[in-house]
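My entries follow in the order I made them.

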Amino acid sequence: IAVSATNGLIYVSDTANHRVQCFTPEGALVRAIGEAGTGPGQLKFPYSMALGPDGTCYACEYGNHRISRFDLYGKFMSSFGGPGRSLGEFNDPRGVAIAADGTVDVADTENHRIQRIPAGAFA
C-alpha cells in the first residue's frame, strides 16, 4: 500500500487479481491499473508496488519476473527485467522500493539478492 503525494490516492497491490487498485482517502475506487497477462501493461501476481518521486507506479510482478511502470492515470509506460539469474533479470521478485532520486531497489527473492536499478533504465 502506498499513498501518493502527487494526487492523494491510495494505491493497493491486488496480487491475486493481477492489478493495482487506486482509491480515494474515503475508500472510493478511482481506477484499476493492469489486467491479468504477460504483455505490456498486463500484470501477473504483482506482490508489491511503490510510487516514484514523479508519482508513477512501479508494480513488482512475481509471475512475470519484471517491474512494470505506469503513469498517474494507469497508462503503461515501460517495464524492466525478465526471468533469469543475470543482472537485470529476476527470479520471483517480491518487493520494490523507489528512492528520492528515482533509483529502483528490487527484492529478487529466488536469486537471493537486492538489485538496484538506475532510474534511467525505465525510460
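This is a predicted model: local features need pLDDT of at least 70, side-chain atom pairs count only at pLDDT 80 or more; totals for chains, interfaces and linings use all residues.

Residues are numbered from 1 along each chain as its sequence is written, and side-chain values use heavy atoms, with hydrogens and water left out.

**Overall fold.** I counted zero helices and 11 strands in the chain; helices (H or I, at least four residues) and strands (E, at least two) are DSSP runs numbered from the N terminus. I noted that the C-alpha trace spans about 40 × 30 × 20 Å along its principal axes. Of the 123 residues, 48% are buried.

**Aromatic rings.** I found three aromatic pairs. Rings of Phe, Tyr and Trp (its six-membered ring) pair if their centres lie within 6.5 Å; planes under 30 degrees apart count as stacked, over 60 as edge-to-face and the rest as tilted. Phe 70 and Phe 76 are edge-to-face, because their ring centres are 5.8 Å apart and their planes stand at 70°. Phe 70 is buried, at 1% relative accessible area, whereas Phe 76 is partly exposed, at 27%.

I also looked at a charge over a ring, which requires NZ of Lys or CZ of Arg within 6 Å of the ring centre and within 35 degrees of the ring normal. The charged end of Arg 94 sits over the ring of Tyr 47, 4.7 Å from the centre.

**Cysteines.** How many disulfides are there? I counted zero, taking a disulfide as a pair of cysteine sulfur atoms within 2.5 Å. Cys 22 is in no disulfide, and the nearest cysteine sulfur, in Cys 57, is 6.6 Å away. For Cys 60 the closest cysteine sulfur is again that of Cys 57, at 11 Å, which is too far for a bond. Cys 22 is buried at 0% relative accessibility, and Cys 60 is buried at 0%.

**Ser 4.** I placed Ser 4 in the loop between strand 1 (2–3) and strand 2 (10–14). Is Ser 4 buried or exposed? Ser 4 counts as buried, at 5% relative accessibility. Leaving out residues up to four places away in sequence, Ser 4 touches Leu 9, Tyr 11 and Leu 51, where contact means heavy atoms within 4.5 Å.

How values were computed:
Buried means under 20% relative accessible area, exposed over 50%, partly exposed in between (1.4 Å probe, protein chains only).
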